[in-house]
Amino acid sequence: MSGRGRRWVATVAAVLLVLALGAEQAGAVPPPPPNPSDDELGTTRAAANARAARVGRLTNQVAQAEARLIALQADVELKMEEANKALVDLRAAQDEAARARAEATAARTAADGASAEIDDAREALDEFAASSYKQGSTVGSLSAYLGATSPRDLLDRAQLLNIVGDSQLDALDDLEVARTDKANKDSAARAALALAADREAAAGRAKVAADAATATARRAQRDQVAQTRVIQAQKTRAERELAAARAQVSGLESQRQRYRDWLAAKQREDAANAASAASGGGGGGSAAVSVRGGVRTVISRALSQLGVQYAWGGGNAFGPTRGIRDGGVADLYGDYAKVGFDCSGLMIYAFAGAGFHLPHYSGYQAQAGPRYPLSQRRPGDMLFWATGGRIHHVALYLGDGQMVEAPYSGSRVRVAPVRYGGIVPYVTRLL
């Protein structure tokens, strides 16, 4: 029998037991109800068990599909971070290229200016040489000596012309040095510009690749969401068929259970009549409760939110809250406009009932209390899942291989079988 079937039978039994105890307190046990035969029960249960087996298979398929969906969600988040890094690198490369272009432009302008100064100086020197050493004379221009009044004056004027010529040649040499230096800087600036352009192009290619990888991851996730919904729909139909089959046999099972409850009440009445001390069976009732008081509170608070929609970033110590934007998957589902829980928000609400104040991050919740091996898990422990060593999901263990969780965007708080793919090999225990 599935977990849901056991819970249904237990609920019916509890109601009938209350009725039986009420009759006992009234001092009379009613006549025995019909007690169906084992053959009757066996035949009707076989049909229900066949449908239950199909529900079980579909439940496993849903769990596998959801595990794949969670893995894809983690992959999308990683790809988004890589895309963010590529964007930062691209902007840095673009800034570097812009600085290199400005420096190259300035170096080219300086080199061109130096070349122009060289050309002007050489033209002036050529004019001086043409006027001073016309006709091959090494003494200087004849007009430079026309005003001389003595041989001494003539010699001074010749020396002056030589000095002027030498200074212009020296200036020309200085300009040549400056032009060479600026040409070298121009060459270095162009080389730096080429390197910056290469880095900018590489960063641009990395950004395109990262965006493409993110888009591919998101498409894979959307496809998985569609597949998961198809399987979930099949499971829902199978559950309806199972419910119909159980409805056919519930009459016999209820009769058998009522008979057992009647028999137990009759035995208690007989024992009470035999010895009044034995009628106070409260100790046994309290001993049957194996779940610790604080854990019972935590589990009850978590189960009280079954069906509440998932909202990334939602949930606090007082209940569901509006989700927040994540720039990715949660935004696609409109979690920022929903009121609900994410996985760690549900833990915050559940444990607040026992006086614990947990942070809104599953990785920190894993460090909130003592850790025990997964094999030693017990009701009330927190289970965790990780990808690449980084925790990204948390659920509350209920016992009997079941857990309660807020799984992912587009889903609701639900009870599900424990998924062992990607599970962390320890539990965190606060109670």
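**Salt bridges and a surface patch**

Author: Let's start with Arg-414 and Glu-66, which are both buried (under 20% relative accessible area with a 1.4 Å probe and protein chains only, where over 50% is exposed and in between is partly exposed). Keep in mind that this is a predicted model, where local features need pLDDT of at least 70, side-chain atom pairs count only at pLDDT 80 or more, and totals for chains, interfaces and linings use all residues. Residues are numbered from 1 along each chain as its sequence is written, and side-chain values use heavy atoms, with hydrogens and water left out.

Reader: What do Arg-414 and Glu-66 form?
Author: A salt bridge is a side-chain nitrogen of Lys or Arg within 4 Å of a carboxyl oxygen of Asp or Glu. Here the closest N and O atoms of Arg-414 and Glu-66 are 2.3 Å apart. Arg-414 sits in strand 7 (residues 414-417) and Glu-66 in helix 2 (residues 38-132), so the pair ties together parts 348 residues apart in sequence. Helices (H or I, at least four residues) and strands (E, at least two) are DSSP runs, numbered from the N terminus.

Reader: How many salt bridges does the structure hold?
Author: Eight. In one of them, Arg-419 pairs with Glu-405, with the closest N and O atoms 2.8 Å apart. Arg-419 is in the loop between strand 7 and strand 8 (426-428), while Glu-405 is in strand 6 (residues 402-405), 14 residues apart. Both Arg-419 and Glu-405 are buried. Through shared partners, salt bridges join Glu-66, Glu-405, Arg-414 and Arg-419 into one network.

Reader: And how far apart are the closest N and O atoms of Arg-101 and Glu-200?
Author: They are 3.9 Å apart, in another salt bridge. This pair links distant parts of the chain, with Arg-101 in helix 2 and Glu-200 in helix 3 (residues 151-274), 99 residues apart. Arg-101 counts as partly exposed because its relative accessibility is 40%, and Glu-200 counts as partly exposed at 22%.

Reader: Which residues make the nonpolar surface patch?
Author: Patches are made of residues with over 30% relative accessible area and no salt bridge: like charges are joined within 9 Å, nonpolar side chains (Val, Leu, Ile, Met, Phe, Trp, Tyr) within 5 Å. Accessible areas come from the Shrake-Rupley method with a 1.4 Å probe, and for residues only the protein chains shown count as cover. Leu-303, Leu-306 and Val-415 make a patch of about 200 Å². Leu-306 counts as partly exposed because its relative accessibility is 41%.
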